[in-house]
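Take a moment to look over the structure below. We will walk through it together, one place at a time.

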Amino acid sequence: MTARITVKKLHKMKQEGNKITMLTAYDASFARVLDQQSIDVILVGDSLGMVMQGHDSTIPVTMDDMVYHTKIVSPICKHALVLGDLPFMSCTSPKQAIKNATRLMQQGGAQMVKMEGGEAQVENIMQLTRHGVPVCAHLGLQPQSVHKLGGYFVQGRNQKIADKILNDALLLQDAGADMVLMECVPVSLAEKVTETLDVPTIGIGAGRGCDGQVLVLQDMLGISEKAPSFSKNFLVGQSEGIAGAISDFIISVKAQTFPSDAQCFY
Ligand code: KIV
């Protein structure tokens, strides 16, 4: 197993064109398998509300839930960087962002925090950056806004929204974000954001042009109730079981054979 992944290393990976691999985990058993396969980042995502708790959205997930799961995953990881997710309404002001990022890092052991939102998060990211907290911004489809959006749809097919996503990415980078995740955006937009930013981009349903890829673990193992079209079941035809599926994901992302055209939006 190689040395621990740091934020500095993630930035270097972008510069070197070495694709970043990220999967979600919410418990010790899966975190151990992911870490042993040398995944770069483990996201303790608020997607746990759907895949672990059985809700139909991420909205019911609380800070206590996030701290609980992050605290289980973090001590297991010897290699992966642990990215903790800030759930619905947990960073609506700089004061609240500081309080909840402190919980994720101090009680949960996360090394970076993720938050959904564009320009509304500028002040919050500036405050966290000022206090030494690495932040991953989440743009494009923001599942915490599902009721405002009216469903889980591709974002940025329309030029006005695409321009806003690019502009938000730049604002958030300037505010101090160390990484930008884009969910369900057209390939050309994700490529443009990736070329424009100095910090690494991670895509989920955003094409191969991003600096890295993330999937929800249960989707890529084929055990979600309904996996999205941009995901792939890496367990199909796998003779090495779950560890083999995770290794295949890592190899496919590094070789840029995942996502395929069929798993992209245009
Ligand atoms: O919560 C999560 O797992 C996420 C991914 C969908 C990127 O935010």
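S38 is partly exposed, because its relative accessible area is 24%; buried means under 20%, exposed over 50%, and partly exposed in between, with a 1.4 Å probe and protein chains only. You can find S38 in the loop between α2 (28-36) and β2 (41-44). Helices (H or I, at least four residues) and strands (E, at least two) are DSSP runs, numbered from the N terminus. Although S38 is not a glycine, it has a positive phi of about 65°.

Before going on, a word on the source: this is a predicted model, in which local features need pLDDT of at least 70 and side-chain atom pairs count only at pLDDT 80 or more, while totals for chains, interfaces and linings use all residues. Residues are numbered from 1 along each chain as its sequence is written, and side-chain values use heavy atoms, with hydrogens and water left out.

Now look at Q256, in the segment after α11. Q256 is not a glycine either, yet its phi is positive, at about 60°. With 40% relative accessibility, Q256 counts as partly exposed. P259 also lies in the segment after α11 (241-254), and the peptide bond from F258 to P259 is cis, with omega near 0°.

Let us turn to the ligand. Which residues surround the ligand? They are T24, L43, G45, D46, S47, D85, K114, H138, L181, E183, I204 and V216, where being near means having a heavy atom within 4 Å. This shell has four nonpolar, four polar and four charged residues.

A polar side-chain atom of S47 lies 2.5 Å from a ligand oxygen, one of D46 lies 3.0 Å from a ligand oxygen, and an N or O atom in the side chain of K114 is 2.9 Å from one.

H138, one of the residues around the ligand, is in strand β5 (residues 135-140). Is H138 buried or exposed? H138 is buried, because its relative accessible area is 4%. H138 and E183 are 45 residues apart in sequence, but 7.5 Å apart in space, C-alpha to C-alpha.

Finally, visit Q173 in helix α8 (residues 159-175). Q173 is buried, with a relative accessible area of 14%, and its side chain reaches the backbone nitrogen of D198 at 2.8 Å.

Definitions and conventions. A polar contact is a pair of N or O atoms within 3.5 Å; within protein, one must be able to donate a hydrogen and the other to accept it, and residues adjacent in sequence count only if both atoms are side-chain atoms. Ala, Val, Leu, Ile, Met, Phe, Trp, Tyr, Cys and Pro count as nonpolar, Asp, Glu, Lys and Arg as charged, and the others, Gly among them, as polar.
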